[in-house]
There are 2 protein chains.
Amino acid sequence: MSKRPLILVSNDDGITAPGIRTLISVMNEIGDVVVVAPDGPQSGMGHAVTIDNILHCSKIKVDDGPQVEYKTSGTPADCIKIAVSEIMKRKPDLCVSGINHGSNSSINVIYSGTMSAAVEAGVEGIPAIGFSLLDYSWDANFEPLKAHIKKITLNVIENGLPEGVVLNVNFPKAETFKGVKVCRQARANWVEEFDKRKNPQGKTYYWLTGKFTNMDNGEDTDEWALANNYISMVPVQFDLTAHHFIQKLNSWNLD
Amino acid sequence: MSKRPLILVSNDDGITAPGIRTLISVMNEIGDVVVVAPDGPQSGMGHAVTIDNILHCSKIKVDDGPQVEYKTSGTPADCIKIAVSEIMKRKPDLCVSGINHGSNSSINVIYSGTMSAAVEAGVEGIPAIGFSLLDYSWDANFEPLKAHIKKITLNVIENGLPEGVVLNVNFPKAETFKGVKVCRQARANWVEEFDKRKNPQGKTYYWLTGKFTNMDNGEDTDEWALANNYISMVPVQFDLTAHHFIQKLNSWNLD
């Protein structure tokens, strides 16, 4: 690519989150940056899109960087749709999402707003990467990630990604990393523990809480990599077909 | 299975939608039914979960059937979590979601609240099926679907599903069907067309609209099956790892 790539940046923690501000600063070194991100937190939104409500979208200036920025009232997937359809003059060469404040490894990928932005870009034929740090705090230290994010991004621009594949990159909470490990998604789930309370009028309500449970001992998983201080990189696809089960299903008596 | 199976029913159109009422009536013929469904429409919610807000959940009686029913203020994925964790005495033998008023074929699966309920059940180790009808109208005719839904459900109870796989079943809008076709997810996307308007105060806002674009000519796809009056059945997995790309990624210069 001879000219500077056009890069779309989004996230799910909202446009002012330190994670996306870090990501923007790295992308400004690589290309021309357009930011389209939610105006507030959209964590846990999965691949939600706004069909029963209106969307607001307006230009905003958050810092003195060269990037162009828009905030929207929508979900991360909405942000990508409106960026591509309404805001950007041409299809971006790359979409990056994050840096998420918190893990999107393993099964978290299906609940993740960060990854939904990357997946939405992938669906629209744009090479895409989601970045996340295993630290939920607002003032997490993103500095050690910057060189790695730049290197991974340049690799994607240089090598491309196959159609239907986006990258899910997670960083352990650390000052230094052992390197990048290409992984598969660990088999895991959340064991829910609802916190049951009464409101001031005596009516019961619930808070969703839960405990992440890794059921996978594989050393080729993202959970293993992160626990061993590697940066995990999982290629993620959105053809959800369980091809291995098609033959068996054809033997069922369905008619 | 000698005793009657315990069946969890949910959806994304809300607990009073004709689609779920039809599904409940079929499931009552098969097992003991517990319904936990949203108190209003949650279409397009993807795999969203409610982490920044409280959940309400209360018992409700909608009709004279033998099922036990709860409505919640949450998303379809929330419904499954609260059903398994708080409401049901034991893990259900099966979870069915739908019948959705509208298609969840092809790429729609990633935006689908109906399928997120089925996938969430799958993540929790419960065999699960999402059912959808390619008719968005509230008074769609669900009658022709009932015998097929019963047969598919009995097959799942009899044969089980492998760990990590749920079924995505779509019905064409028709009085009769050519049969069930086991399919892969067609490669498709939505081409967005935002409807840009001004509010009474002159501020711009948007409605998300779009046109579904099938980019897949395969006759083994759900889109082909539905266009040819077959019921489509796609086995869906939530290990999103693009295993075919791992070897190539390992050749990148990342350290």
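This is a predicted model: local features need pLDDT of at least 70, side-chain atom pairs count only at pLDDT 80 or more; totals for chains, interfaces and linings use all residues.
Figure 1. Residues are numbered from 1 along each chain as its sequence is written, chains are lettered from A and ligands numbered from 1 in the order in which they are written, and side-chain values use heavy atoms, with hydrogens and water left out.

**Figure 2. The stacked pair B:Trp224 and B:Tyr230.** Over all chains, the structure holds 11 aromatic pairs. Rings of Phe, Tyr and Trp (its six-membered ring) pair if their centres lie within 6.5 Å; planes under 30 degrees apart count as stacked, over 60 as edge-to-face and the rest as tilted. B:Phe131 and B:Phe171 form a tilted pair, 6.5 Å centre to centre with 35 degrees between the planes. This pair links distant parts of the chain, 40 residues apart: B:Phe131 belongs to strand 6 (residues 128-133) of chain B and B:Phe171 to strand 7 (residues 165-171) of chain B; strands (E, at least two residues) are DSSP runs, numbered from the N terminus. The ring centres of B:Trp224 and B:Tyr230 are 6.2 Å apart and their planes are at 20 degrees, so this pair is stacked. B:Trp224 is partly exposed at 25% relative accessibility, while B:Tyr230 is buried at 19%. Buried means under 20% relative accessible area, exposed over 50%, and partly exposed in between (1.4 Å probe, protein chains only).

**Figure 3. The phenylalanine cluster of chain B.** Ring pairs join B:Phe131, B:Phe171 and B:Phe177 into a cluster. B:Phe131 is buried, at 0% relative accessible area, and B:Phe171 is buried at 0% relative accessibility.

**Figure 4. Surroundings of B:Val36 in the largest nonpolar core.** This core has 79 residues, and A:Val36 and B:Val36 have the most contacts inside it. A nonpolar core is a set of buried Ala, Val, Leu, Ile, Met, Phe, Trp, Tyr and Cys residues joined through side-chain atoms within 4.5 Å. Not counting residues up to four places away in sequence, B:Val36 touches residues including B:Leu8, B:Tyr70, B:Cys79 and B:Ile87; contact means heavy atoms within 4.5 Å.

Note on methods. Helices (H or I, at least four residues) and strands (E, at least two) are DSSP runs, numbered from the N terminus.
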